[in-house]
Amino acid sequence: MKVAVAGCCHGALDKMYETLELLERRHNVRPDLLLCCGDFQAVRNEADLRCMAVPAKYRHMQTFYRYYSGEKKAPVLTVFIGGNHEASNHLQELPYGGWVAPNIYYLGYAGVVRFRGVRIGGISGIFKSHDYRKGHFECPPYNQQTIRSAYHVRNIEVFKLKQLKRPIDIFMSHDWPRSIYHYGNKNQLLKMKSFFRQEVESNTLGSPAASELLQHLKPTYWFSAHLHVKFAAFMQHQTNSKEELPKATKFLALDKCLPHRDFLQVIDVEHDPSAGDSLEYDAEWIAVLKATNSLVNVTQTSWNMPENNGLHAKWDYSVTEEAIKEVLEELNHDLKIPCNFTLTAACYDPSKPQKKVQPVHTINPQTTEFCAQFGLTDINDRIQQAKEEGSVRGEHEEEEEEEEMDSTGSAEEPSEYNTDNSGLSSINPDEIMLDEEGGDEDLSTCSVDPSPDHPPDFSASFSDIRIMPDSMAVSSDDAMDSTNEELEKSGVSKQVEEKSLNERPLKRIGGNENGNSGIKKIKRRNQAIYAAEDEDKTE
């Protein structure tokens with residue numbers, strides 16, 4: 001099975017799908033599945049733009065809304081995770097995952113699905129230690145803090161994923177697992193991104209939570225994006241016993257979706273030829289969700305997950321074969337994910353701009369159906385209940401919430417990650433940066449270019465699209481001399497140069513206007529990079 005993997009999409013769906021079609025025309029290579037590693041930007045309308053944590057300069061409508069409205073349909077099944085530049089209000093509707101458009105599936109805060117027998121997992125967002133132990137308490141309309149914290153990884157999602165025992169074939173995260181750079185061509189990475197040096201040498205670049213998952217899950221492939229550079233690594237995992245077979249992970253980080261950037265990779269993955277072509281639930285993951293449902297927290301209370309330290313009556317939430325069997329029986333052994341996409345917001349209409357429309361907190365029917373089917377807590381419904389009780393921020397009732405959770409989690413324990421090291425280098429000039437101490441910026445101004453009448457100019461040549469070689473084996477650390485580019489050229493390589501490519505709401509819950517909400521000013525430390533991007537009109 002051929003799987004295409006893309007880095008940060010930034011809403012440029014037309015460009016991404018046109019590139020895949022070009023690949024098929026020129027090289028007769030048609031991927032069966034497309035994976036996107038975050039910053040997908042599923043923006044439906046102007047209100048969604050206000051929920052995306054980027055400066056006004058980068059708030060563009062792009063082309064997702066055409067797939068949301070049904071004007072276009074994704075030509076290949078697309079599965080994606082969230083990053084740190086998303087329409088957070090839209091993705092928040094689907095905490096357990098769901099369809100954002102026909103044939104485009106979001107994995108949720110964390111999730112595992114199957115396609116043709118291949119087990120695919122992922123975790124959305126980026127790591128920030130000051131929000132890691134909080135619950136998912138945010139809801140629109142966001143303020144300057146929650147518009148960012150909404151996409152920060154939470155410990156409960158990592159905890160759920162760590163309950164998995166069965167092998168994972170592919171895993172996605174937006175930010176890189178910390179330390180992964182020691183297993184690839186680190187010297188070449190630092191030549192391309194010299195501003196990473198301090199964090200690489202201090203081993204603080206990347207997400208410690210993702211690193212923890214990498215060590216636990218040991219997937220065959222791990223794909224990331226976020227840092228806007230392509231990088232390959234090969235990690236040989238230690239075995240816990242002599243009987244355990246050695247495992248290794250092939251890691252690949254992808255560049256962002258821009259002309260002249262190497263943003264897409266195609267790999268061959270072993271699959272079950274007898275399996276159908278439908279996206280399917282993963283029975284073990286559903287069983288884990290059911291087992292950990294009591295741990296759901298929708299307050300700002302910080303607490304650690306249960307562990308074997310004498311403070312918790314239960315710390316192991318992994319599931320038995322019997323529990324997995326029960327899930328299968330509940331579904332009558334039909335794991336196919338229903339195609340139940342529903343419009344939950346008005347779609348952008350270029351002829352009728354709605355620049356003053358305000359985001360609202362919406363409960364998605366897909367989530368309602370999913371939670372009812374498996375007996376899970378609807379996180380957004382819980383948030384709405386708390387909001388109606390006047391405690392959405394949990395400031396007056398956190399102690400009571402804490403007592404209720406004492407049997408499973410603890411708020412008194414210190415965080416397992418003491419320093420606030422983001423998955424993004426604090427000085428990465430090739431990323432949209434938000435100044436933590438900058439002034440407010442008006443969220444009411446939204447750019448909706450390009451319009452259908454004025455499509456973006458994609459006449460510039462695209463970067464290479466390569467078929468990944470069977471082996472991505474890389475020696476660890478500084479001993480290696482070959483570059484990532486040389487590794488890619490060691491196998492069968494396909495290169496594609498892009499030519500000219502011309503090419504109503506069901507809201508259940510309302511929210512209050514928040515005209516004073518804002519985001520901070522951008523830090524641009526590498527003007528040359530941004531100038532080039534501005535010329536391409538792709539941001």
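Tutor: In this predicted model, the second largest cavity has a volume of about 110 Å³. Its lining is made up of 14 residues, and those nearest the centre are Gly97, Tyr281, Asn340, Gln366 and Phe370. Two elements give two or more residues each to this lining: strand E4 (98-101) and helix H13 (365-374). Helix H13 supplies the largest share, five residues. Sorted by class, the lining of the second largest cavity has seven nonpolar residues, six polar ones and one charged one.

Now let's set the largest cavity beside it. The largest cavity has a volume of about 210 Å³, and 20 residues line it. Nearest its centre you will find Tyr106, Tyr109, Ser124, Ala150 and Tyr151. Here the largest share of the lining comes from helix H4 (residues 88-92), with three residues. By class, the lining of the largest cavity holds eight nonpolar, eight polar and four charged residues.

A disulfide is a covalent bond between the sulfur atoms of two cysteines. This structure holds zero disulfides. Take cysteine 8, which is in no disulfide: the nearest cysteine sulfur belongs to cysteine 36 and is 7.4 Å away. Cysteine 8 counts as buried because its relative accessibility is 0%. Cysteine 139 has a relative accessibility of 3%, so it counts as buried as well.

How values were computed:
Residues numbered from 1 in each chain as written. Predicted model: local features only at pLDDT ≥ 70, side-chain atom pairs only at ≥ 80, totals over all residues. Heavy atoms only, no water. 1 Å grid on protein atoms, 1.4 Å probe; cavity = no way out; pocket = protein on both sides within 12 Å on 5 of 7 lines; lining within 4 Å. Points joined across faces, edges and corners; volume = space filled by probe spheres on them. Helix = DSSP H or I, 4+ residues; strand = E, 2+ residues; numbered from the N terminus. Nonpolar A, V, L, I, M, F, W, Y, C, P; charged D, E, K, R; others polar. Disulfide = S-S within 2.5 Å. Buried < 20%, exposed > 50% of the residue type's maximum accessible area, 1.4 Å probe, protein only.
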